[in-house]
Each structure stands twice: as C-alpha cells, then as structure tokens.
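Here are my notes on the model, in the order I'd go through them. Have it open while you read.

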Amino acid sequence: MADHVEHALPDYRILPPDVAARMAQIKQRDYVLEIDRVTKVFTQKKNRTVALDAIEFGVHRRELVCVVGPSGCGKSTLVRILAGLEDATSGQILMNGKPVRGPGSDRGMVFQKYTLFPWLDVCRNVMFGIEMGGVDRLEAQRQAMQWLQMIGLEQFATAFPHQLSGGMQQRVAIARALAASPRVLLMDESFSALDAQTRTKMQNYLMEIWRKIDITIVFITHDLDEAIYLADRILVLKPNPGRVEEVIEVPLSRPRRAEQMTSDEFLATKAHLEGLIRSFGTSDDMDEEDVKIDLPLLTLVTDQVE
Ligand SMILES: Nc1ncnc2c1ncn2[C@@H]1O[C@H](COP(=O)(O)OP(=O)(O)OP(=O)(O)O)[C@@H](O)[C@H]1O
C-alpha cells in the first residue's frame with residue numbers, strides 16, 4: 001500500500017456557507033461600475049489587435065474584484081478605459097448607471113510606480129486630491145491629517161516622498177486617491193514593485209481600509225496569490241482577443257488571514273487558476289517554470305558542493 005494518499009482538493013466552486021451568504025448579499029447590491037460590451041481595437045500600420053472583445057461585467061457596491069490574466073490579455077487597457085484615460089472602440093463604461101466620458105473624481109487610481117509629487121510633502125500630496133474638489137486649504141489640511149491618521153502616517157506629514165519606504169509611499173498614494181472621495185478605487189499592479197513581506201502587509205492594510213469605508217475596488221494583478229487573498233470575485237481574462245474566460249467567486253471567509261493561503265480552498269482555487277492560465281498557451285511571466293535563461297558560459301558554477 002502507498003505510504004501516503006494524495007490529498008484531494010475540494011471543488012473551488014463550493015463556497016463555505018458564510019462565504020455563500022456574503023456573496024448573496026453582495027449580489028443584491030447595485031452595480032457601481034458596469035463594463036457594457038467593451039471592445040478595444042488597436043490598429044498600427046497593418047497590425048490590428050483586439051485587446052478587448054465585448055467584455056461584459058458588473059462590479060457591485062463595496063465589492064473587491066481582482067482582474068487576472070496573462071500578459072497581453074488587456075488588463076491595462078481595461079483599467080485605462082475604466083479610468084476614462086482611453087476610449088473604448090465600442091461599448092461603454094457606466095458609473096452608477098451613467099456613461100463615463102473621461103477621467104473623473106468618482107474614480108481614484110493607484111498605479112504600480114510611486115506617483116506622489118516629489119516636491120510636495122506627504123500632507124500636501126494628500127491635500128491635492130481634496131483641494132481639486134474645491135475644498136479650501138484649511139479644511140483640506142484637516143481632512144488630509146485625518147487620512148494620514150487612518151493610514152498611521154500622521155507623524156510623516158511634513159516628510160517628502162523620497163524619505164519614505166516604497167510601502168509607505170503606496171500608503172500615501174492610497175490615502176491621496178481616497179481623500180478625493182471616489183466611489184471606485186482602481187488599482188493597477190499597485191503592490192508589484194514591493195518586496196514580498198511589504199506586499200502582504202499592504203494587502204492586509206488595504207482590506208482593513210476597505211472594511212471601514214464605502215469604497216468599491218477593482219484591482220489588476222499578475223499575482224494569483226494576491227488575487228485570491230484579496231478578492232470577492234476574480235475576473236479571469238484570456239488573450240488574443242481579450243475575453244472574459246471565467247468569473248470566480250473566492251471560497252474564503254472574511255476577514256482574510258495569511259493562514260488561509262495554505263487552506264484547501266485557497267490551493268484549489270490557485271490550482272484551477274494556474275490550469276486556466278496554462279491552457280491559454282502564452283509564454284507568460286506568470287508561468288515561472290517556462291522561463292528559460294541562457295547563461296553565458298563564464299557564469300557556470302565551479303565550486304558547487306554536492
Ligand atoms: N497603444 C497600443 N497600441 C497598440 N497595441 C496596444 C496598445 N496598448 C496595448 N496594445 C496591445 O493590446 C493587447 C493588450 O495589452 P495590455 O497592455 O492591455 O495587456 P495586459 O494584460 O495589461 O499586459 P501586461 O500584463 O503585460 O501589462 C496587447 O496585445 C498589446 O500589445
């Protein structure tokens with residue numbers, strides 16, 4: 001007899017009762033953001049790329065949706081269209097039922113690269129979004145300090161961005177985006193420049209803020225662990241052309257804890273996502289096993305201990 005029996009993972013589609021109840025509650029809420037048959041075609045000389053092909057999806061109020069997919073499946077294009085930075089070739093984005101015509105204060109954005117204004121101190125960076133909304137300077141300063149308190153950086157109010165670590169800068173970027181009172185926060189690979197430990201802290205920190213305020217989050221990521229850990233639902237895109245492959249309801253209870261990353265439900269969801277990405281057959285950086293490195297001969301290790 002075999003010494004060990006292979007551990008069978010549960011079906012990732014089976015939601016524990018508390019998760020099923022939460023998901024039912026989320027689905028009763030209105031859509032804040034609707035992607036209404038959005039197609040985006042890029043034409044360059046003779047090349048025609050269908051980056052997004054009739055994408056249809058609705059994000060409920062106070063939901064946290066992650067978007068994953070291999071390189072080139074249209075994640076960045078989608079987030080740029082959601083932000084109003086790019087037009088769809090056909091279809092439309094609706095915010096609370098109204099068509100999006102360009103960037104607006106109802107959608108905040110946090111990018112991958114640190115985008116704080118280097119010449120403004122932390123408080124002024126956060127004040128920026130508030131003042132843009134027509135609030136006077138003194139009131140903006142009061143609100144900015146409240147945000148800094150919320151993110152635990154009030155003692156850094158007069159520091160400049162270069163004096164902060166990457167994680168702290170992203171916390172300020174989140175505070176700056178939220179201070180402008182958006183309905184939706186769009187996050188494009190916002191934590192991928194951070195080291196693993198800081199990244200986990202930022203994920204917990206984001207979920208903590210999200211729990212406290214009325215905000216809906218759309219989070220684009222390459223990282224499957226990050227998507228499963230954060231999301232209520234995961235929108236999986238496939239490339240060539242960019243289409244919705246599947247929408248996954250994450251079978252994990254909230255509040256999320258790091259220990260859940262080794263749970264059967266987590267592993268089953270990850271195994272399924274990995275299988276999907278592999279089935280797209282792209283040479284993607286999500287698939288680390290496929291990465292081949294040509295080493296120059298001189299780098300061969302000669303003192304290897306067996
Ligand atoms: N401005 C552009 N002009 C021409 N083609 C573009 C443009 N922007 C994106 N594309 C093409 O559209 C497709 C989707 O690109 P996009 O950057 O949205 O994918 P992605 O999923 O965000 O990729 P990655 O994860 O590598 O950032 C790709 O084939 C890309 O080459």
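Predicted model: local features only at pLDDT ≥ 70, side-chain atom pairs only at ≥ 80, totals over all residues.

1. Now the ligand site. Which element gives the largest share of the shell around the ligand? That's H2, with three residues. Helix H2 spans 75–83, and strands S1 (31–44) and S2 (47–60) also supply at least two shell residues each. The residues surrounding the ligand include Phe-42, Gln-44, Thr-49 and Ala-51, along with Gly-69 and the run Ser-71, Gly-72, Cys-73, Gly-74, Lys-75, Ser-76 and Thr-77. By class, the shell has eight polar residues, three nonpolar and one charged.

2. Between those two strands, have a look at Lys-45, which sits in the loop joining S1 and S2.

3. Ser-181 is another non-glycine residue with positive phi, near 55°. You'll find Ser-181 in the loop between helix H5 (166–179) and strand S7 (184–188). Is Ser-181 exposed or partly exposed? Partly exposed, because 17 other C-beta atoms lie within 10 Å. For background, most residues other than glycine have a negative phi, and most peptide bonds are trans.

4. Asn-240 and Pro-241 are joined by one, with omega at about -5°; Pro-241 is in the loop between strands S9 (233–238) and S10 (243–249). The bond from Arg-254 to Pro-255 is also cis, omega near 0°. Pro-255 belongs to the loop that runs between S10 and helix H8 (264–279).

5. Last, the domains. The chain splits into domain 1, made of 17–106 + 182–299, and domain 2, covering 124–179. Their C-alpha centres are 26 Å apart. Domain 1 puts 14 residues into the contact and domain 2 puts in 10. On the domain 1 side, helix H6 (residues 196–212) provides the largest share, six residues. That side of domain 1 comprises 10 nonpolar residues, three polar and one charged.

How values were computed:
Residues numbered from 1 in each chain as written. Near = placed C-beta within 6 Å. Helix = DSSP H or I, 4+ residues; strand = E, 2+ residues; numbered from the N terminus. Nonpolar A, V, L, I, M, F, W, Y, C, P; charged D, E, K, R; others polar. Buried ≥ 20, exposed ≤ 12 C-beta atoms within 10 Å, placed from the backbone. Domains from an automatic or database assignment. Contact = placed C-beta atoms within 7 Å.
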